[in-house]
Amino acid sequence: MGLLCSKNRHYTEADTEENTQAAEIERRIEQETKAEKHIQKLLLLGAGESGKSTIFKQIKLLFQTGFDEAELKSYVSVIDANIYQTIKILYDGSKEFAQNADSSKYILSSENKIIGEKLSEIGSKLDYPRLNRELAEEIGNLWKDSAIQETYARGNELQVPDCTNYFMENLQRLSDANYLPTKEDVLYARVRTTGVVEIQFSPVGENKKSGEVYRLFDVGGQRNERRKWIHLFEGVTAVIFCAAINEYDQTLFEDEQKNRMMETKELFDWVLKQPCFEKTSFMLFLNKFDIFEAKVLTVPLNVCEWFKDYQPVSTGKQEIEHTYEYIKKKFEELYFRSTAPDRVDRVFKVYRTTALDQKVVKKTFKLVDETLRRRNLFEAGLL
Amino acid sequence: MPMYQPSSRREVDSSQVLDLETAVKDGVLGGGGGGVITTAAFASDKLDLKIMIEELESMDVPTVFICPISLEPMHDPVTLCTGQTYERSNILKWFSLGHCTCPTTMQELWDDSVTPNKTLQQLIYSWFSQKYLAMKKRSEDVQGRVKEILENLKKIKGQARVQALKELRQVVQAHGSAKKTVVENGGIGLISSLLGPFTTHAVGSEVIGVLVSLNLDLNSKSDLLQPAKMSLIVDILNEGSIETKINCTRLIGMLMEGTDFASENIASLSLLVGLLRLVKDKKHPNGVLVGLSLLETICSHESVRSSFVNVGAVPQLVELIPGLTNECLELVLHVLELLSSTPEGRLALKDCPNTIPNIVKLLMKASENCTQLALSILWAICKFAPEECASLAVDAGVAAKLLLVIQSGCNPMLKQRSAELLKLCSLNYTTTIFISKCKLTRTIQ
């Protein structure tokens, strides 16, 4: 065609084609910007090991297609790593405690000592062997040693992860040659998040798709990760701040001198004061309630400086409720103290969660969704 | 000329319903197609007219049934020779006072006999019976419906639950008998149990709407006062429409009265902030009144006051003062007075620039109570920071107002307080300067 046409006409045709292409691109950009506006940005924030990634996984399981076989398989090495790391921490811990007073209960039997040394060696490398029957049995024996159990009882002084008991109880299954992790295994698996991960989803309610589109961002919680947070702070609809309430007697992974609850307190305060969160809704997830429940009657809250004025009033379930309400009140006070008068109208709600329990997460998210929708209606003047 | 033939004719047979039906159909009695009355109603004369009249108080009784003397429905209507009908006892009393006239027509009576108006008596009885039975049936229907809804609520979830609760709320608000039915069938416990950590706003707000219309006993109140449920009620208050906010506020008020509670557990910061938001909403004066009442109740407990000041209550309440009704003014002033009893409160009052001008304006304005409370607050601030506040107060024209109080007919305590405050304010000035600052000419005007 080009050969027969005059030079002028050729250019005009090319121009028009370019123009239509440009127009098409413009139109697409405009459409997507409009669509973007309807996407609500949710940010999972919190200190390390507060449960952010677990919530992230739960949302994936609830509102997306969940984990396919390849993804599940990818967790095998993670779980293996968790097991080796944990048993190493416990073994090294028992040696440390054995050096102090009342040391006899931290001394292992001679066979177990040999196993311990071997596993400690494995755990210190960068590459872990796949868990097999033999290793699983050895780890199991070591785990059952009373010295290790005594060490585990003082786990808050070490950096023992919360998934310890779960994995140790399931060693047989996990060491199977054809092991494929279950959903629950994946939820317990612990990886320190680095960088940012996001998913987009639409909550499926009673009336099927409710029309809301959320984009959920998960971040690393350790100190060195937090400088990456600031890039995400623009245009956030809601911050889901996770605080593990069982950690009042534990110290940070990245700073063993600092109490975890105090770190969370300061972090929450810092987040509340961020200028871009002026109109952002805050959902505080007081997480790991199951572990908290088991611990709070034996370990007094006052070990944490923030809770030093706590007075127990009763026993059993009532006391557990009372301590929970106390902690909730402390966070509430912190919220109002850190919130300037012009921001007092932003939404602030506290939820009691156990991120590992899918039912709880589903119900909690339903409430979060309802609140955010009502907020939207309110801001649109329709409420 | 006798217009009326005293009838010794046939007695109206009590089992005949012809007259009433026709009369009703023709709309004479305004009953609009009231339908057929069952003969059973007549047979059982157990339906006492007096009781029926009492229970149907609110009904619009047709005027022909009303005695012109007492303006009450007639039990024993009698007709005079003028054709006018009255309640027997009333007209006889009229005669006993020496009158020989017909009270409505003013005619002189040529015949002082009174004839029982059986027809009218029958009509009155039928009309009331009919209305009474209909009401009873409606009530039973309502009761039946309520029981049905309560049974349903045990099983259904989600949207259906919300709908059922909505209906229950409407029924309870419209029919007094429904409330009793709910209480008698364990309704309070049932719907209170729907308030839990995972209750949605939709369900929660409806539950609260029902609860607020009922009489809650002490057990129910203690149950609802549990921290988890209270948190939920406060959350709903903060997120709800104005109607929901008012319901929540009223419910919390109900729970607080008559119970011995540890207020620091109930009055969470979220509640206080939520109530402040409610009372600032001038578009909804009902909300303002209800909110202020609850704040007054809460602040009567010492332990809460400093927290309340810390969430910035004082400047917000002070800003609220201009434009409030007298009732609300008393409440606001009372709250501020309670807050002024704490050091933080006094500081906040002093720091807020509009405190003194707004409060001085209220002296001798709304009511004696307001004046008393205003005086109390001014006294507290001026005692706390005399140098700053005295001059501000004088600039705001407090002196003239105080003189007014002293000269007025208020109780002696007030006058004394005013005198003391006046003295306090005048301490830093010489007499002449003070008098000039007083702008006394205004008082005279």
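Student: How many residue pairs are in polar contact between chain B and chain A?

Tutor: Nine, in this predicted model. Both residues of each pair are at pLDDT 80 or more. For a polar contact, the N or O atoms must be within 3.5 Å. On the side of chain B that touches chain A, helices H6 (158–174), H9 (201–211), H11 (227–239) and H14 (269–279) of chain B each supply at least two residues.

Student: Which helix gives the largest share of that side of chain B?

Tutor: H11(B), with five residues. By class, the side of chain B that touches chain A has ten polar, eight nonpolar and four charged residues.

Student: How many residues does the contact take from chain B and from chain A?

Tutor: Chain B gives 22 residues and chain A gives 19. Contact here means heavy atoms within 4.5 Å.

Student: What is the area buried between chain B and chain A?

Tutor: About 1,700 Å². Carbon and sulfur atoms give 55% of that area. Phe198(B), Glu239(B) and Leu269(B) supply 34% of what chain B buries against chain A, more than any other three residues.

Student: Why is the pair Asp345(A) and Arg277(B) called a salt bridge?

Tutor: The closest N and O atoms of Asp345(A) and Arg277(B) are 2.8 Å apart. The cut-off is 4 Å, between a side-chain nitrogen of Lys or Arg and a carboxyl oxygen of Asp or Glu. The pair therefore qualifies. The count between chain B and chain A is two salt bridges.

Student: How many salt bridges are there over all chains, by this rule?

Tutor: The count comes to 42. The Asp345(A) pair crosses between chains, from the loop between H12 and strand E8 (348–352) of chain A to Arg277(B) in helix H14 of chain B.

Student: Why is Asp345(A) called partly exposed?

Tutor: Its relative accessible area is 45%. Buried would need under 20%, exposed over 50%. The value falls in between, so Asp345(A) is partly exposed. Arg277(B), at 24%, is partly exposed as well.

Student: What makes Asp76(B) and Arg88(B) a salt bridge?

Tutor: Their side chains meet at 2.7 Å, N to O. That is within 4 Å, so the pair counts. Asp76(B) lies in the loop between helix H3 (49–55) and strand E1 (77–79) of chain B, and Arg88(B) in helix H4 (residues 88–96), so the pair ties together parts that are twelve residues apart in sequence. Asp76(B) is partly exposed at 25%. Arg88(B) is partly exposed at 29%.

Student: Where do Glu148(B) and Arg145(B) lie?

Tutor: Both lie in helix H5 (residues 118–153) of chain B. They are three residues apart, about one turn of the helix.

Student: Why is Pro300(A) called partly exposed?

Tutor: Its relative accessible area is 44%. Exposed would take over 50%, buried under 20%, so Pro300(A) is partly exposed. Pro300(A) is found in the loop between helix H11 (289–296) and helix H12 (316–337) of chain A.

Student: Where does UniProt place the feature "domain: U-box"?

Tutor: The unreviewed UniProt entry puts it at residues 60–134 of chain B. Over those residues the chain is 35% helix and 11% strand. The end C-alpha atoms are 15 Å apart.

Definitions and conventions
Residues numbered from 1 in each chain as written. Chains lettered and ligands numbered in written order. Predicted model: local features only at pLDDT ≥ 70, side-chain atom pairs only at ≥ 80, totals over all residues. Heavy atoms only, no water. Helix = DSSP H or I, 4+ residues; strand = E, 2+ residues; numbered from the N terminus. Buried < 20%, exposed > 50% of the residue type's maximum accessible area, 1.4 Å probe, protein only. Buried area = accessible area lost by both parts, 1.4 Å probe. Polar contact = N/O pair within 3.5 Å; in protein donor to acceptor, adjacent residues only side chain to side chain. Nonpolar A, V, L, I, M, F, W, Y, C, P; charged D, E, K, R; others polar. UniProt positions renumbered as here; feature names shortened; annotations may be inferred.
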